[in-house]
Every structure is written in structure tokens, then in C-alpha cells.
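Try each task before you read its solution.

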Protein chains: 2
Amino acid sequence: MARPLNRPPAKSLDRGLLPSLLGYALRRTQSAVFADFAATFARAEEALTPGEFGLLVLVERNAGLSQMTLARALGIDRSTLVPILNRLQTRGLLVRHPSPTDGRTHALGLTPAGEKALTRFAKLVKAHEKRISEGLSAAETAKLIELLEKVRHSARPL
Amino acid sequence: MARPLNRPPAKSLDRGLLPSLLGYALRRTQSAVFADFAATFARAEEALTPGEFGLLVLVERNAGLSQMTLARALGIDRSTLVPILNRLQTRGLLVRHPSPTDGRTHALGLTPAGEKALTRFAKLVKAHEKRISEGLSAAETAKLIELLEKVRHSARPL
DNA sequence: GCGAATTTGTTTGATCCCCAAACAATCTAC
DNA sequence: GTAGATTGTTTGGGGATCAAACAAATTCGC
């Protein structure tokens, strides 16, 4: 008999100073947005993380770039990048060509299937973006991005 | 002549549509803010993550709460919470008391050392918050938090 | 030119976060 | 009291992240 509601009304906890913290708002919002991103792709029976999407866009727009260049652009260690590229390569979306000019590096590029997939992915990302910003006007969304960029530059990389 | 420039001038990559995406700005800013948080604590020779700080505040302000209640407030699975509590308990900041009313649950609470540590942590968080928002006016910071909250509520939990 | 220093990609090892499923202990509902 | 739900824990499986070590290749310094 599905009616157990003898449970306390789940009153929300006292969060103290947390709601006044920018970092806290950022973390919670990021988490919710990530969940929305995942749900958007899951419903379309596609599998992709925000990080993978960003990576694919970077490779598409900068074909031939090396793993180090890509890792720096993504702000991650080169060793972190390896298994991510392996996965995308196994999925047939991306290839590591030998560089004609530097024997140490790989020239990264999308496969034709990768290009096609990225087109699909971009549509899903658009829908996702539309949903998460539905409570905001276009001006507010622009303002939000601008403020986030300011914060990003104030946060010290070190 | 300082001319090591045999290397491409590290020109920044073409990011395509990424800079127009709210999710992308959110993710990058969150990452930079996290790094600043970590650096702030590292310089003070303290060790804490934003998540742990949030957890400690919640426990302090809601002493006696159960692990399930805490997990729900944090938006994580109860099994994810276990090793986190173990670590904080090992550090002597937090204790799991037996609940007087419900033999299944633990009544979480801070130790005296945990209370003291949280006071130190809160100061560091304040300094961190001040730094990341230094490029913004107080009004802009408030607006930013407000916009983030709106986005958070638009992002569908499912 | 040629040896030394640097760069690149990879592997390995260490933490850490996350979830799902299963389990025993305990509580709740009927 | 007994069946069903809840709680905390353990286990197993993904990943993300960095650091250190290595071989191969390139560049630097002279």
C-alpha cells in the first residue's frame, strides 16, 4: 500500500552562510546543469559529457592540433587526456594521425562519423542550453556569462 | 634576443560556439573557482574541499541529523557519503552518535575540534570568496548568485 | 654537427567522486 | 506480529584528476 507518508515533511535544512556564497551557488548550479545535460543526451539515446562535447568542438575547429595543445586548452594534464581520446577514438569519432612535421605529436582530427555526430550533438546542446536558460532573458543570459567570465579571471590559477 | 619563438606563439584556439554557451562558462568558471579554493586552503596548510566545507556547515547548523538527511541535502547517494564521513571522522572533526530514537540512523555532529576547525575554515572561505568576486560590485555578486539560482531551478533534476 | 636538455604521448599509481545493487539491522504499517 | 520500507555499509564499476617515470623525437647550445 503505497502510502507511508508518516515521515516528517522533509523540511529543508538550515544552510547557514552557504546561500550567500558565490562558490556554493556555482557548484550547485553546475551540478544541476550537468544533470540536465546528461538527461538531454540520455533521452536522445546519445552518450556524451560536457567535457567530451567541448573537446570535439575544439578538435573540429582546430583540426591537426596536438594532444598537448588540446590538453592546455582544456586545462587538464596530458595524461588525463589519453583515456578520453582513447574512448572517442574507439567510438570512431576521432583519429590520431601521425604529424607530418613532428614525430612526437599526433595530429588530431574528427572522422566523417565524428563530424556527423557532432552535428547531432550540437543540436542537443542547443536544446539543453535553451532549457537551462529558459528563466532568463537573452540580456540576462549574456550578463550571466559575462559575470562568470569576470569571476573566472579573478580566480587565481595558482 | 629573447627569441625562443620557434614554437607557435601559443595562439589561443578557435573555440567555435563554446564561448556563447552558458554551460561552458559555468564549467570553466567552476573549475577555476575550485582551483582557487584549493590554493587558498593549501597556502594555509589546511586541507578541505568545497564539498567538505558545505557538509561541515550543514552538520554544524543541523546537529543530530542522519546520514540520509545529509545525503539528500547534498544531492548525493547515501553510499557516496560513507567514505566522506569516514575521512572527516578519522580527522576528528565529526562524530556519528547513536540516535536515541531510531536505531538505524546515526546522529551526526561536530566534535569540539570540528567546531574550532570550521571557524578557521570559514575565514579562509571568506578570503576565497572575496578574491573570486573582486572584479564584481556587491550588487553584481548578488545578481550573479540570483541568476545562478534561476538557472539551477530551470535545469531539470531528471 | 653533436651531445644535452626539452617536449610529447603513454603507462602506472594514487586519490577522489559518483552511482547501483545487495545485505543486515531496524523501524513502520496494518 | 509480520510484511514492507528505511538506513547505513560494503562491493563493484565508471570516470576524472594529477604526479612520476619512460622512450622516442625534437630543439638548443656550442
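**Exercise 1. Work out how H1(A) passes H6(B): is the crossing left-handed or right-handed?**

Solution. Step 1: H1(A) passes H6(B) in a left-handed crossing, where left-handed means that the near helix is turned anticlockwise from the far one by less than a right angle, and right-handed means clockwise. Helices here are DSSP runs (H or I, at least four residues), numbered from the N terminus.

This is a predicted model, so local features need pLDDT of at least 70 and side-chain atom pairs count only at pLDDT 80 or more, while totals for chains, interfaces and linings use all residues. Residues are numbered from 1 along each chain as its sequence is written, and chains are lettered from A and ligands numbered from 1 in the order in which they are written.

Step 1: Check the geometry. The axes of H1(A) and H6(B), residues 138–154 of chain B, come within 9 Å and cross at roughly 20 degrees; axes are lines fitted to C-alpha atoms over the stretch in contact, with angles from 0 to 180 degrees between N-to-C directions. The two helices are therefore roughly parallel to each other, a label for angles under 35 degrees.

Step 2: Find the residues. H1(A) brings in Leu22(A), Ala25(A) and Arg28(A), among others, and H6(B) answers with residues including Leu144(B), Leu148(B) and Glu149(B). Contact means C-beta atoms, placed from the backbone, within 7 Å.

**Exercise 2. Tally what chain A puts into its contact with chain B.**

Solution. Step 1: The contact takes 57 residues from chain A and 56 residues from chain B.

Step 1: On the chain A side, H1, H2, H5 and H6 each give two or more residues, and H1(A) gives the most, with 16 residues.

Step 2: Sort that side by class and you get 29 nonpolar, 14 polar and 14 charged residues. Ala, Val, Leu, Ile, Met, Phe, Trp, Tyr, Cys and Pro count as nonpolar, Asp, Glu, Lys and Arg as charged, and the others, Gly among them, as polar.

**Exercise 3. Describe the surface near DNA strand D.**

Step 1: H4(A), H3(B) and H4(B) each supply at least two residues. The largest share, four residues, comes from H4(A).

Step 2: By class, this surface has eight nonpolar, eleven polar and six charged residues.

Methods. Two residues are in contact if their C-beta atoms, placed from the backbone, lie within 7 Å. Angles under 35 degrees count as roughly parallel, over 145 as roughly antiparallel, 65 to 115 as roughly perpendicular and the rest as oblique.
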